[in-house]
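Here are a few friendly notes to read alongside the structure. Take them in order, with the viewer open.

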Amino acid sequence: RVLHSNWYYGKKELDIVATKSNTLIVFEVKTRLSDYWEEPKEAVRLRKQRNIIEAADAYVHEYNIDLEVQFDVLSLLHNGKGFELEHIPDAFTPTL
């Protein structure tokens, strides 16, 4: 169930926030027209991950959510006719 899309915490954005079973899933969506420079999923570097984690923490506190949080990446790559979708569940985890 999608709770929010394009949710902002200051300048930090959560693309999609959803729930499934007892898990809050935060989706980062990356789209590219080609993989000349990099695959879309490769654009979710450490700095981006930290921003997502910080925004997700704010989201959990604002809505008083008591669920496990999972961070997924949706990678969309244009193949000339449409887009190839790759869903990467549990793509990264918060580190201390």
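1. A salt bridge here is a side-chain nitrogen of Lys or Arg within 4 Å of a carboxyl oxygen of Asp or Glu. By that rule Lys30 and Glu28 form one, with their closest N and O atoms 3.5 Å apart. Please keep in mind that this is a predicted model.

2. How many salt bridges does a search of the whole structure find? The search finds three. Glu28 takes part in another of them, with Lys48, where the closest N and O atoms are 3.7 Å apart. That pair links distant parts of the chain, as Glu28 lies in strand β3 and Lys48 in helix α1, 20 residues apart. Through shared partners, Glu28, Lys30 and Lys48 are joined into one network.

3. Lys48, at 27%, is partly exposed.

4. Lys12 and Glu54 also meet through their side chains in a salt bridge, at 3.7 Å from N to O. Here too the pair links distant parts of the chain: Lys12 is in strand β2 and Glu54 in helix α1, 42 residues apart. Lys12 is partly exposed, with a relative accessible area of 25%, and Glu54 is partly exposed at 37%.

5. Now for the strands. β2 and β3 pair in the antiparallel sense over five bridges, and Lys20 has Thr23 in β3 as its bridge partner. Two residues lie between the strands of this hairpin, where Ser21 takes a positive phi near 55 degrees. β3 and β4, by contrast, run parallel and are joined by 10 bridges; one of the pairings is Thr31 with Leu76 in β4.

6. Beyond residues up to four places away in sequence, Thr19 touches Arg1, Leu3, Leu24 and Leu67.

7. Finally, the core. The largest nonpolar core has 16 residues, and those touching the most other members are Leu14, Leu24, Val26, Ile52, Tyr59, Phe71 and Phe92. Two or more residues come from each of β2, β3, α1 and β4, with α1 giving the largest share, six residues. Leaving aside neighbours within four places in sequence, Phe92 is in contact with Val44, Gln49, Ile52, Ile53, Phe71 and Val73. In soluble globular proteins, nonpolar side chains tend to be buried together.

Definitions and conventions: Residues numbered from 1 in each chain as written. Predicted model: local features only at pLDDT ≥ 70, side-chain atom pairs only at ≥ 80, totals over all residues. Heavy atoms only, no water. Core = buried A, V, L, I, M, F, W, Y, C linked by side-chain atoms within 4.5 Å. Buried < 20%, exposed > 50% of the residue type's maximum accessible area, 1.4 Å probe, protein only. Helix = DSSP H or I, 4+ residues; strand = E, 2+ residues; numbered from the N terminus. Contact = heavy atoms within 4.5 Å. Pairing = 2+ DSSP bridges.
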